Every structure is written in C-alpha cells, then in structure tokens.
Amino acid sequence: MSVIPSSTPHSRRWLQLWPLAFFLIICAIGLYSLWHYWPQIILNSAMWQKSINQQMSALLREVAENPARAGWSLLSFSFVYGVLHALGPGHGKVVITTWLATHTSRLKSSLKLTFAASLLQGLVAIGLVTVVLGILALPSRQLHMSSFWLEKGSYLLVGILGLMLCGRALRKLLHVLRKPQHFTSFTPLHVHDEKCGCGHQHLPTEKQLDAGEDWRARAMIVLSMGMRPCSGAIMVLLFSKVIGVYSWGMLSALTMAAGTSMTISGLAFLVHGFRTLAVRMSGNKAPVLWRQVAWATLALAGGGILVLAAVVMWLSAQPVVRGIRPF
C-alpha cells in the first residue's frame, strides 16, 4: 500500500469550492432584485388578481346555470390559475428552495414534499370554508380572520423549521471539527469508519439519503407550506358557497392545488439540478474536512434564512378584509 501526497497547494484549496461561492452570489443578486422590484411586483400582482377574480366569478356563474358545459372550463382555468399563481413570490417557495439548496435530498423525495404541501394547502382551504361557513355559519369576515391566523401559524412553523435546521447544522459542525485529523489505522485490511480519520469519503446510497432526511424536518416542511390556505381557493370556495355550487368550488380548489404543485415541482427540479451540477463541477477535489465544513455551514445559512424570512413575514402579515392577497 502506498501513499500519494496531494499536490494541490494549500492556498488554492478554497478555489476548488467556487461553485458554492457562485451559488451564494446568485442568491444575493436574486434577493437584491426582489427587494428592489418588490413594490412594482405587488402593484402588478394586485391588478392581475383583480382581473382573474372577475373571470373566475363569471365562470362560476356559468357553472351555476349550465354545469355540464361550463364545468370543464372552470377546472381548466383553475389549473392554469394554480400554475401562474405559484410563480409569484411566496413563503412555500422560500422553504422548498432553501431546503433543496442547502441539504442533500433525493429528487423523488423532494417532489413528494411539494405535492403533499400543495394538496394540504387545498384541503386546508376547503376545510376552513366548510367549518366556518357551513358548520358554524359565521360571517365571511370571520373566515378571513381564520385564514389570517392560519397564515401566521405557517410563518411560525417556518421559523421553527429554521431553528431546527440551524441546530442540526451546528451539531454537525461540532462533530466534524472534533474528528481526529490523523490516521488511527493503516493496514491493507483497514476498515473505514467515521472515527478512523483516514479522510476517505464515499457517496451516500439512496437509502442513506432517505435516512438523512429527518421525518420531522419533512413534516415541518409540508405543514409550513400547506397550512396557509390558498387565497384563490378561498375566494372560489366563498363565491361558490354563495351561489350554490360549492361542490364545483371544492373541485376547483383541488385543481388549483394540482397546478400549484406542478409549478413548485418544476422549481424544485431546477434547484435540485443546479445543486447537483455544482457538486459535480467541484470535482470533490477539496479536502474531505473542508467539504464537510462547507456544506454544514451552508445548511446553517439555510436555517438562518428561514428564520429571517419567518420574522419578516410574521411582522408584515395583515388580515384581509376584502378581496384576496396577491400571493
């Protein structure tokens, strides 16, 4: 057995982590652009939502008159609405993109998260309207206030998720930094383990990736994304309840959820692909310890972003008296 020393100068090792730096720069540019154009985005979105509401109301009236003819038009429009509505800024996209960009995850598992969260969002809207208007027979103002507090609850879950991820990342950093940095075993029959200190790093299997995704974190992701009812679904359910086509309103809300799931799944696919590309381009040339510290630090930054986003959204959330929210 021979030892081949590394020829990479110590001063250039950080250069091999340039994909990570490039990703952070792109994130900074995106955040600055969002902050700069946010007022214009809100104004245009409010105008767009007003036009969409009028078209949706007209379709619901047509369904009330002729369900067989206008029903499919309503569902098709609801699906397109869900796809386009999910393109705007929203806390669900912040959660899923931050999670995928800063944590190792299988694409299939990530798509399951987005589908479950979108379905839960539609079901929460249906359950809320059914309970508040159908069972308790409360006024629509109480419906909006209940939706507002569910929204605040979802932001609270985002903050808890961020704190959870920060805690896990800190524990991983401490564990990595406490690893022995010298060989404890050096024989032809040497068996690698987490304490041998040999520096070997192997790619995790799919089962290991699934095991690494803590079920608590995944449940928090689904709940934090899905607890806030879709504003468009609330509007459709409320109006359909008034004109007596509530069953079509529920179908429309679920179709919106399917459209939302398509958009967020596409976003998840892109983020997952860019992260995988960044890992491949780095070539795993940096020392094992440096890579472990870098990814743990990135996970810590992701948790911090979620905590910060939760605080900002909690403070900026306002109850809706009339109409619906832009996002």
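# Helices and cores in a predicted model

Biologist: Which residues of α3 are buried?

Modeller: In this predicted model, the buried residues of α3 are His-91, Gly-92, Lys-93, Val-95, Ile-96, Thr-98, Trp-99, Leu-100, Ala-101 and Thr-102. That makes 10 of its 12 residues, and the helix is mostly covered.

Biologist: Where does α3 run, and what is its reach from first C-alpha to last?

Modeller: Helix α3 covers residues 91-102 and reaches 17 Å from its first C-alpha to its last.

Biologist: Which residues touch the most other members in the largest nonpolar core?

Modeller: Val-95, Ile-96, Trp-99, Leu-161, Ile-221 and Met-225 do, in a core of 27 residues. At least two residues of this core come from each of α3, α4 (107-135), α5 (140-177), α7 (215-226), α9 and α10 (288-316).

Biologist: Which helix gives the most to this core?

Modeller: Helix α5 does, with 6 residues.

Biologist: Back to Val-95. What is it in contact with, leaving aside neighbours within four places in sequence?

Modeller: Val-95 is in contact with Val-158, Leu-161, Ile-221, Ser-224, Met-225 and Leu-306. Apart from this core lies another one of 26 residues, including Ala-125, Val-129, Ile-234 and Met-235.

Biologist: Ile-234 and Met-235 are in α8, then. Which residues of α8 are buried?

Modeller: Both of those are, along with Ser-231, Gly-232, Ala-233, Val-236, Leu-237 and Ser-240.

Biologist: What follows α8?

Modeller: Gly-244 does, and its phi is positive, near 85 degrees.

Biologist: Which residue other than glycine has a positive phi near 55 degrees?

Modeller: Ala-137 has that phi. Ala-137 sits in the loop between α4 and α5.

Biologist: Buried or exposed, that Ala-137?

Modeller: Ala-137 counts as exposed because its relative accessibility is 60%, and the cut-off for exposed is over 50%.

Biologist: Change of topic. Where is Ser-265, and is it buried or exposed?

Modeller: Ser-265 is in helix α9, residues 246-282. Its relative accessible area is 16%, so Ser-265 is buried, the limit for that being under 20%.

Biologist: What lies 2.7 Å from a polar atom of its side chain?

Modeller: The backbone oxygen of Ser-261 lies at that distance from the Ser-265 side chain.

Biologist: And what does Ser-265 touch, not counting residues up to four places away in sequence?

Modeller: On that count, Ser-265 touches Leu-111 and Thr-114.

Methods. Residues are numbered from 1 along each chain as its sequence is written. This is a predicted model: local features need pLDDT of at least 70, side-chain atom pairs count only at pLDDT 80 or more; totals for chains, interfaces and linings use all residues. Side-chain values use heavy atoms; hydrogens and water are left out. Helices (H or I, at least four residues) and strands (E, at least two) are DSSP runs, numbered from the N terminus. Buried means under 20% relative accessible area, exposed over 50%, partly exposed in between (1.4 Å probe, protein chains only). A polar contact is a pair of N or O atoms within 3.5 Å; within protein, one must be able to donate a hydrogen and the other to accept it, and residues adjacent in sequence count only if both atoms are side-chain atoms. Contact means heavy atoms within 4.5 Å. The expected span of a helix is 1.5 Å times one less than its number of residues. A nonpolar core is a set of buried Ala, Val, Leu, Ile, Met, Phe, Trp, Tyr and Cys residues joined through side-chain atoms within 4.5 Å.
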